[in-house]
Amino acid sequence: MEAPPEMPKRQSAIRRSMRRIRKSFKKKDGYVPPASKPHQYARDEKAVRAADCNFSVKYLGAIEVTESRGMSVCEEAAKRLRANPQHKVRAVLQVSADALRVVEEDGQQSPPFGVAVDVGCGSGQGTKYLAPHFREVVGVDVSDGQLQEARKTTVEGNVIYRIGSGEDIPAPDSSVDLITCAQSMHWFDMEKFFTECNRVLKTNGCIAAYGNGIPLPCTPNQEIQKVMQEMFMEIYRGILGPYTDERRTHVANLYRDIHLPCKDFKRDTTLVKKNIVRVDDMLGFIQSLSSYQIYIKKFPDKADFLSGYRKRFLDTLQPLNPSIPAEDIKFDFVAPIFILLGRKS
Ligand SMILES: C[S@@+](CC[C@H](N)C(=O)[O-])C[C@H]1O[C@@H](n2cnc3c(N)ncnc32)[C@H](O)[C@@H]1O
């Protein structure tokens, strides 16, 4: 196919932009390439793992990507530079073991950031990850039992837990830089929650609401996968569906029906969460669902219904690897991840 006539011009503009980006990486005095000084490599690796590896760069905008998506940083940066080649505000590129992050350097937004509040923090699984990046982290939950559990397992000194709710966040006005909700926002009265976010967030403060949708068994054999997934959904939707809290449909929908009331709003559904499991692990997941607990309480005579499914799952899976017991065959259990990001203007 013939290239459109403006292509060469556009390509050279991209090349110019990429050259500008490369040039904007400021080399430290005395820096030698890692290959010629192994000790430098070790130091760099340590900094990356500790998430304090920063480079000053010219303005690239505020873009955050996770591993294996580094190219989108460059593409997005090139797009922005093309749109405004005069823009030379400096920024900091942070490189950590699991992310590349570009942050505007306006004196306020360099790490460690100020205050993060994790609302609906439960046992603090997601709260602790914020600790290295913020001066102060507050986990908030309505359940005192969950908070006690969280306190037992948190060793980070800058994390505290407070009783509160999405509708009544225990923080002063304009004091918070980031609000996170991991698998929890659908439990809140969202209108009240957004009003609270607006009250406690500083200008430019952000909300990140995230979670994962329904996981499904995946195998390299398409036929086996189809049968496994159909049986899984038969349990999840067919049997337990009527006993599932309707607010969980937001999760099954990957929050597609929820918009954060921010001018600067972004939705990402490109990531997945993958666990490698056996049949019994997958059944354990089903048993942990509140819909399962409600079902077996309502129908005690059917409390053992999963054992029939267990046999069917094992029989289906066996041909995948006839040389080991079906109980030991491992497969992927994959759930889509959704992330809603908003910034208060
Ligand atoms: C599915 S758990 C998620 C816990 C944790 N964020 C995680 O990812 O493991 C949902 C949490 O939301 C809490 N929750 C429910 N309603 C809430 C509300 N209105 N305000 C704050 N937390 C609430 C529950 O107590 C529970 O700990």
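Visitor: Let's start with α5. What do its buried residues pack against?
Guide: This is a predicted model. In it, the buried residues of α5 pack against β8 (176-182) and β9 (201-212).

Visitor: Which residues of α5 are buried?
Guide: Helix α5 spans residues 190-200, and its buried residues are M190, F193, E196, C197 and V200.

Visitor: Why are they on the same side of α5?
Guide: Because the arc they cover around the axis is only 115 degrees. In general, an α-helix has 3.6 residues a turn, so residues three or four places apart point the same way.

Visitor: And what is on the face turned away from the buried side of α5?
Guide: That face carries E191 and T195, which are exposed.

Visitor: Changing topic: how many residues surround the ligand?
Guide: There are 18, and the closest are G120, G122, S165, A182 and W187. By type, the shell has ten polar, six nonpolar and two charged residues.

Visitor: What about L317, buried or exposed?
Guide: L317 counts as buried, because it has 22 C-beta neighbours inside 10 Å. The cut-off for buried is 20 or more. L317 is found in helix α10, residues 305-317.

Visitor: Which residues is L317 in contact with?
Guide: Beyond its neighbours within four places in sequence, L317 contacts I224, V279, A326 and I329. Also, Q225 is 92 residues from L317 in sequence, yet their C-alpha atoms are 8.7 Å apart.

Visitor: And the protein as a whole, how many helices and strands?
Guide: It has ten helices and 13 strands. Of its 345 residues, 22% count as buried.

Technical notes
Residues are numbered from 1 along each chain as its sequence is written. This is a predicted model: local features need pLDDT of at least 70, side-chain atom pairs count only at pLDDT 80 or more; totals for chains, interfaces and linings use all residues. Helices (H or I, at least four residues) and strands (E, at least two) are DSSP runs, numbered from the N terminus. A residue is buried if 20 or more other C-beta atoms lie within 10 Å of its own, exposed if 12 or fewer, and partly exposed in between; C-beta atoms are placed from the backbone. The arc is that of the directions from the helix axis to the C-beta atoms. Two residues are in contact if their C-beta atoms, placed from the backbone, lie within 7 Å. A residue is near a molecule or strand if its C-beta atom, placed from the backbone, lies within 6 Å of it. Ala, Val, Leu, Ile, Met, Phe, Trp, Tyr, Cys and Pro count as nonpolar, Asp, Glu, Lys and Arg as charged, and the others, Gly among them, as polar.
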